[in-house]
Amino acid sequence: MAHRLRLLRLDGVVILQAEELYRFYRSGEEETRALRGVTLHADAGEVVLVSGPSGSGKSTLLACLGGLDDPDGGIVRVDGHRISHRPEAERAALRARLVGVLFQSGNLIEHLTVAANVDLAQRLAGRRDRRLREELLDVLGLSARAGARPSQLSGGESARAGLAVALANRPALLLADEPTGELDQHTEVPVLRLIREQADERTAVVIASHSSAVRRLADRVVELKDGRAT
Ligand SMILES: Nc1ncnc2c1ncn2[C@@H]1O[C@H](COP(=O)(O)OP(=O)(O)OP(=O)(O)O)[C@@H](O)[C@H]1O
């Protein structure tokens, strides 16, 4: 099985194409050059780790890749669709359909149950797939917690519920910013296993992380330094 999946990963279908991204933050006379010409590609089935010191631009890069932020220069394409340089509503619609986003700040809506959070992610993409929802909750060990609200979840359960939401539409691209940052080694394992399995289903995965377990999982590492990829 592992062999077959490894072969699938080698066929080089480019899912993410980010070319020469620039992002500057300005406030008064101050200018922070968060991204200075970053180019990054990810293939179907590939897990790319974005690594680098604090402030090197990792979160800014991931936000631009998922259309949460718009770069000042350069272009981002996901599965052939340009997601950069569009009005926010268009970026949001493309993101809902093509990109799963798992950020540390959380992607769960507090007043909705875990199941309703997954449903909402599907509705935003114009879909409804109860079976996939049940499958995700089952694989993530959350079936018994489907009716719980985010505030009632442990840290590990929250991370897994966030992943269920990120994967609710079988995204072409999964972006994760420190997905296991608040987890201990024990709870990190199932989250990373599911990310690997998702990649094996041909999703391209880009993860920003300091975790050595994520580094071991990655097929490729891109180092960021002062807004540049080295
Ligand atoms: N909204 C913002 N306004 C102004 N400057 C910002 C903003 N967001 C990020 N920056 C600056 O841009 C640079 C890159 O920040 P970013 O958060 O992308 O780095 P990072 O590598 O993700 O850091 P960390 O590992 O600490 O999360 C930093 O100098 C940061 O202070």
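**Notebook: helices on the sheet**

Axes are lines fitted to C-alpha atoms, for helices over the stretch in contact, and angles run from 0 to 180 degrees between N-to-C directions. Helices (H or I, at least four residues) and strands (E, at least two) are DSSP runs, numbered from the N terminus.

I then noted that α6 packs on the sheet and touches β6 and β7, its direction making about 160° with that of β6. Contact here means heavy atoms within 4.5 Å.

The model is predicted: local features need pLDDT of at least 70, side-chain atom pairs count only at pLDDT 80 or more, and totals for chains, interfaces and linings use all residues. Residues are numbered from 1 along each chain as its sequence is written, and side-chain values use heavy atoms, with hydrogens and water left out.

Next I checked α6 (residues 155-166) against α7 (residues 185-200): they pack at an angle of about 10°, with axes 9 Å apart. They are therefore roughly parallel to each other (angles under 35 degrees count as such). On α6 the contact uses Gly156, Ala159, Arg160 and Leu163, and on α7 Thr187, Val191, Leu194 and Ile195.

For the sheet, I recorded an open one of 6 strands, in the order β6-β7-β8-β3-β9-β10, with mixed pairing. Strands pair if DSSP finds at least two bridges between them. The edge strands, β6 (99-103) and β10 (228-229), each pair on one side only. β9 (residues 220-225) pairs with β10 in the antiparallel sense over 2 bridges, and Lys225 stands opposite Arg228 in β10.

Definitions and conventions: Angles under 35 degrees count as roughly parallel, over 145 as roughly antiparallel, 65 to 115 as roughly perpendicular and the rest as oblique.
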